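This briefing gathers what can be said about one structure, with each term given its cut-offs where it first matters. Please look over the sequence and the structure before reading on.

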Amino acid sequence: MKASPEAQLRLLELADLDTELGRLAHRRRALPETAELEQLTARAAQVRDEMTRAETELSDLDREQGRAERDVEQVRVRIDKDQQRLNAGKVSNARELESLQSEITSLRRRQADLEEVVLDLMERRESAQSRRDASTAGTEAVAAEETEVTARRDAAVAEIAEQESKAASARATVAAGVPDDLLALYDRVRAQVGGVGAAMLRRGKCEGCNVSLSTVELNEIRAAAPDEVIRHDECRRILIRTAESGL
Ligand SMILES: [Zn+2]
């Protein structure tokens with residue numbers, strides 16, 4: 001293929017813009033905010049689990065506490081009843097009297113035990129309550145951080161999009177000045193090797209793959225006409241000759 005040295009030089013501008021576009025695409029994929037948001041999503045799920053556990057425990061404890069309080073009440077009612085019978089002086093039989101008194105004693109013990117249970121449940125409830133409060137605060141903190149990171153991510157994406165659109169329009173302008181067949185070759189090579197389709201030959205080295213050319217290769221290039229389109233055998237990129245090529 002033949003193309004004027006000026007047209008070939010434009011491929012270097014095209015390559016620079018493609019490098020820039022590649023850099024921007026990579027920046028978008030590797031935004032630190034994306035990883036931060038993933039971590040926050042995981043953290044939010046964790047806090048939600050903690051909240052669910054605390055709430056389940058709270059409702060279990062509420063039920064247990066209600067049951068224990070009803071038990072205390074039942075025992076208290078029985079003690080009152082026994083006590084009234086005792087006070088009314090209706091029980092005169094010594095054995096019956098003794099059994100009533102011993103029942104009251106054992107009911108009082110039972111009442112004290114049950115009250116102990118209620119106290120213990122209340123303490124556990126307080127601890128579950130404070131864990132739930134911590135989860136609520138945690139949820140709010142994660143949500144606030146998510147809002148902040150999302151705004152930062154959106155701003156970064158918008159900035160990248162703006163730079164991309166500038167680079168893309170500059171690329172279109174440069175591409176318009178490249179002959180169709182040369183541009184098609186450039187794009188084909190770029191699709192095959194990735195990154196850029198053309199590279200400068202600088203001081204005997206291909207800047208596309210950083211491989212130094214052999215003396216034989218360099219001699220062939222020296223002998224070639226300036227409008228000959230040269231490819232690097234190693235990476236297949238179009239090699240662009242400039243004053244710095246070392247020929
Ligand atoms: Zn190369």
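In which helix is glutamate 140 found? Glutamate 140 is found in helix α3, where helices (H or I, at least four residues) and strands (E, at least two) are DSSP runs numbered from the N terminus. This is a predicted model, in which local features need pLDDT of at least 70 and side-chain atom pairs count only at pLDDT 80 or more, while totals for chains, interfaces and linings use all residues. Residues are numbered from 1 along each chain as its sequence is written, and side-chain values use heavy atoms, with hydrogens and water left out.

**Overall architecture**

- The protein has five helices and five strands, and from the N terminus on its elements follow the order α-α-α-α-β-β-β-α-β-β.
- The radius of gyration, taken over C-alpha atoms, is 42 Å, well over the 18 Å that the globule rule gives for 247 residues, so the protein is more spread out than a compact globule; the rule itself is 2.2 Å times the number of residues to the power 0.38.
- Along the principal axes, the C-alpha trace of the protein spans about 135 × 35 × 25 Å.
- Among the contacts with a separation of 6 or more, 76% are between residues 24 or more positions apart, contact meaning heavy atoms within 4.5 Å.

**Surface and burial**

- The protein exposes about 15200 Å², of which carbon and sulfur atoms supply 50%; accessible areas come from the Shrake-Rupley method with a 1.4 Å probe, and for residues only the protein chains shown count as cover.
- Buried residues make up 30% of the 247 residues, where buried means under 20% relative accessible area, exposed over 50%, and partly exposed in between (1.4 Å probe, protein chains only).

**Helix α3**

- Leucine 121 lies in helix α3, which covers residues 94-176, and counts as buried because its relative accessibility is 3%.
- Not counting residues up to four places away in sequence, leucine 121 touches Leu61, Glu64, Gln65 and Ala68.
- Glutamate 140, by contrast, counts as exposed, since its relative accessibility is 55%.
- From C-alpha to C-alpha, leucine 121 and glutamate 217 are 88 Å apart in space and 96 residues apart in sequence, whereas glutamate 140 and isoleucine 221 are 67 Å apart in space and 81 residues apart in sequence.

**The zinc site**

- Cys206 (SG), Cys209 (SG), His232 (ND1) and Cys235 (SG) coordinate the zinc ion at 2.1 to 2.3 Å; donors are N, O and S atoms within 2.8 Å of the metal (3.2 Å for Na, K and Ca), and water is not among the atoms, so sites may look incomplete.
- The arrangement is tetrahedral because the four donor atoms subtend angles of 99 to 119° around the zinc ion, the criterion for four donors being that all angles lie between 85 and 135 degrees.
- The donor residues of the zinc ion are spaced C-x2-C-x22-H-x2-C in sequence.
- Cysteine 206 is buried at 0% relative accessibility and cysteine 235 is buried at 10%, while cysteine 209 is partly exposed at 25%.
- Histidine 232 sits in the loop between β4 (230-231) and β5 (238-241), and its relative accessible area of 1% makes it buried.
- Leaving aside neighbours within four places in sequence, the contacts of histidine 232 are Cys206, Cys209, Val211, Leu213, Glu217, Arg237 and Leu239.
- The count of disulfides comes to zero, a disulfide being a pair of cysteine sulfur atoms within 2.5 Å.

Terms used
Four donors count as tetrahedral if all angles lie between 85 and 135 degrees; four count as square planar and six as octahedral if opposite donors are over 155 degrees apart and all others between 65 and 115; anything else is irregular.
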